[in-house]
Amino acid sequence: MEAVNDFPFWLRAQHLLNFVLIGMLIRSGIEILSSLPRLWWRQDCAPGTEWLKFTKRELPKEEGVYTSLMDEKAVHPLLSLPGRENIGLGRHWHGLSVMLWVLNGVIYVILLFATGLWRRIIPTSWDVFPEAWDSLKTYLSFDVPDISHFQPYDALQMLGYTFVIFILAPFMMLTGVAMAPAVRGRFPRFVKMLGGHQGARSLHFIGMIMMAGFIVMHVSLVFLVHRDRNLVNMVFGGAQIEVSNARAAQAMVIMVAVIVAVAVFWIALSYWSLADRVRAQRFTAGFTEIGRKIFLNWLRPQGAKKTAYTDDDISEFHWTNGLPPTEEESELWVQARERNWAGLTITVRDDINDVEKQLTIDDLKALPRHSYIATHTCMQGWSATSRWTGVRLTDLMSVLGPRPEGARYLLAESYGLAQKMYDNRPREPFYAAIDLDTMEEEESIMAYERNGHEIEDYLGAPARLRVESNHGYKHVKWVSRVMWVHDYADYGDGRGGTREDSALQAFNGRI
Ligand SMILES: Nc1nc2c(c(=O)[nH]1)N[C@H]1C(S)=C(S)[C@@H](COP(=O)(O)O)O[C@H]1N2
Ligand SMILES: [Mo]
């Protein structure tokens with residue numbers, strides 16, 4: 001019995017690490033949610049159809065007038081990681097914490113089975129249910145089950161731990177990755193099964209509430225039920241049932257000090273990030289890129305033939321981010337708009353050898369057509385499903401002949417300017433770069449039709465990029481030119497796109 005009731009060092013260390021990481025996950029999750037503080041079950045996120053919202057703002061019913069950037073809410077750095085409208089950094093911290101949290105969890109489960117300690121938390125008899133029911137009744141009458149019921153956990157705890165470790169944690173992982181465009185493209189049926197992007201997002205939120213509820217109960221019970229024994233065993237290890245008052249007091253002081261230190265660490269991460277956001281982006285996105293390389297970069301969209309989306313999935317409403325070019329942003333675009341795009345061209349360029357061609361919209365339409373239904377997701381959280389038709393980027397670029405030597409990225413630029421720049425610098429044309437593997441995907445196109453008609457002005461007319469394996473910030477609207485480049489570091493702030501430059505998003509938009 002002695003050995004089985006022990007709290008070995010690895011268990012205590014992993015438990016502490018888990019606490020630190022869950023805190024980081026919840027805090028960065030708040031940052032992500034606050035960038036679009038509404039939850040839906042409907043895939044088109046139509047205004048007024050939210051089932052839950054954390055903002056008083058009413059959404060206009062008209063399409064194309066309200067951008068998701070306008071919906072972002074600033075949260076205090078004490079509460080979220082990092083706070084103050086930094087969705088890009090919030091996403092990186094979420095990714096970094098989840099990679100460490102999953103790793104910690106996998107090691108924990110392996111050790112649990114290797115040491116036989118799994119017997120303490122996984123019930124092996126149906127008796128666990130009536131016993132848990134008895135326990136629950138005892139708690140509900142504000143009493144505490146006798147210490148003899150804790151071996152070291154009672155039936156109710158066993159059920160709780162088994163649920164959290166083997167059901168809730170995997171559920172959070174699945175609903176989390178289901179929100180990645182790379183996963184949606186490769187496993188469309190899996191995402192549909194979870195209720196699509198909005199289902200996954202809402203379920204992920206509900207799972208978080210359950211996790212937070214569990215943590216509150218779990219921590220309260222440590223302090224309320226047989227506190228001295230719990231604290232001494234958790235802090236010092238061992239399996240004492242009788243503990244001295246002095247030892248219990250020591251354990252209490254250490255426990256409280258550790259909790260305070262962890263909270264200080266959480267908050268310090270926020271202020272460290274805000275003190276130099278570019279540094280924080282380099283550090284965190286550099287780390288998460290390892291995970292993208294291992295798990296996401298090889299997930300290629302299934303393509304139009306195997307998609308799970310049908311005409312029934314097409315959205316009634318389409319959110320927007322970025323507003324059409326104004327007269328002062330692009331006179332050319334505004335005037336061509338009046339002539340139904342006559343005279344407007346898109347430049348296809350090789351920026352390495354300074355060679356280019358101008359294509360009219362009719363020229364674009366003369367190239368091989370490609371059409372499919374796909375769901376757009378903005379990393380802020382909204383989604384919309386449409387049929388997109390256009391020319392594959394590989395076909396488009398072939399008008400210049402074979403890919404020039406040294407070309408490693410494709411960079412698209414817009415007639416429109418960025419809505420906002422980093423540190424409020426003067427606004428520059430919106431742009432995004434993608435790597436060669438991404439541009440060669442079947443569902444990377446220059447679209448000129450949506451749902452069988454010309455693209456609406458606010459959705460990028462007359463032609464826009466669609467890169468279905470990536471989030472919306474790569475889908476440049478109102479494209480003015482696309483070009484082969486050697487290195488995106490030579491353009492803009494060098495991070496590979498406007499959202500990367502201005503909001504510190506990752507170059508890789510696959511999750
Ligand atoms: N020119 C330009 N393109 C842009 C943006 C922008 O601000 N300007 N926003 C991007 C982002 S973040 C998203 S989510 C999508 C939104 O596409 P939609 O407005 O067609 O729904 O456009 C992308 N392309
Ligand atoms: Mo976006």
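The model is predicted: local features need pLDDT of at least 70, side-chain atom pairs count only at pLDDT 80 or more, and totals for chains, interfaces and linings use all residues. Residues are numbered from 1 along each chain as its sequence is written, while chains are lettered from A and ligands numbered from 1 in the order in which they are written.

The C-alpha trace spans about 85 × 45 × 45 Å along its principal axes. The chain holds 17 helices and 12 strands. These are DSSP runs, numbered from the N terminus: helices are H or I with at least four residues, strands are E with at least two. Of the 511 residues, 39% count as buried. A residue is buried if 20 or more other C-beta atoms lie within 10 Å of its own, exposed if 12 or fewer, and partly exposed in between, with C-beta atoms placed from the backbone. Among contacts with a separation of 6 or more, 71% join residues 24 or more positions apart. Two residues are in contact if their C-beta atoms, placed from the backbone, lie within 7 Å.

UniProt, in an unreviewed entry, gives residues 7-237 as "domain: Cytochrome b561 bacterial/Ni-hydrogenase". UniProt positions follow the numbering used here, feature names are shortened, and annotations may be inferred rather than shown by experiment. This span is 65% helix and 2% strand, and its end C-alpha atoms lie 5 Å apart. The unreviewed entry also marks residues 15-33 and 203-225, among others, as "transmembrane region". Residues 15-33 are 100% helix. Residues 203-225 are 96% helix.

Helix 1 (residues 9-34) has 26 residues and reaches 38 Å, close to the 38 Å expected at 1.5 Å a residue. The expected span is 1.5 Å times one less than the number of residues. Its buried residues include Leu21, Leu25 and Ile32. Helix 3 (87-115), helix 9 (196-224) and helix 11 (245-275) are among the elements that cover them.

The "domain: Oxidoreductase molybdopterin-binding" is listed by UniProt, in an unreviewed entry, at residues 345-484. Here the chain is 11% helix and 46% strand. The largest nonpolar core has 56 residues, and Leu364, Leu410 and Leu411 are among those that touch the most other members. Strand 7 (residues 409-417) gives the most to this core, with 6 residues. A nonpolar core is a set of buried Ala, Val, Leu, Ile, Met, Phe, Trp, Tyr and Cys residues joined through C-beta atoms within 7 Å. Leu411 touches residues including Tyr431, Ala433 and Met483, not counting those up to four places away in sequence.

Ligand 1 has 20 residues around it, and Gly322, Cys378, Ser414, Phe430 and Gly472 come nearest. A residue is near a molecule if its C-beta atom, placed from the backbone, lies within 6 Å of it. The shell divides into 7 nonpolar, 11 polar and 2 charged residues. Ala, Val, Leu, Ile, Met, Phe, Trp, Tyr, Cys and Pro count as nonpolar, Asp, Glu, Lys and Arg as charged, and the others, Gly among them, as polar.

Some backbone details stand out. Most residues other than glycine have a negative phi, and most peptide bonds are trans. The bond from Leu81 to Pro82 is cis, with omega near -5 degrees. Ala461 and Pro462 are also joined by a cis peptide bond. Cys45 has a positive phi of about 55 degrees and is buried. Asp423 has a positive phi near 55 degrees but counts as exposed.
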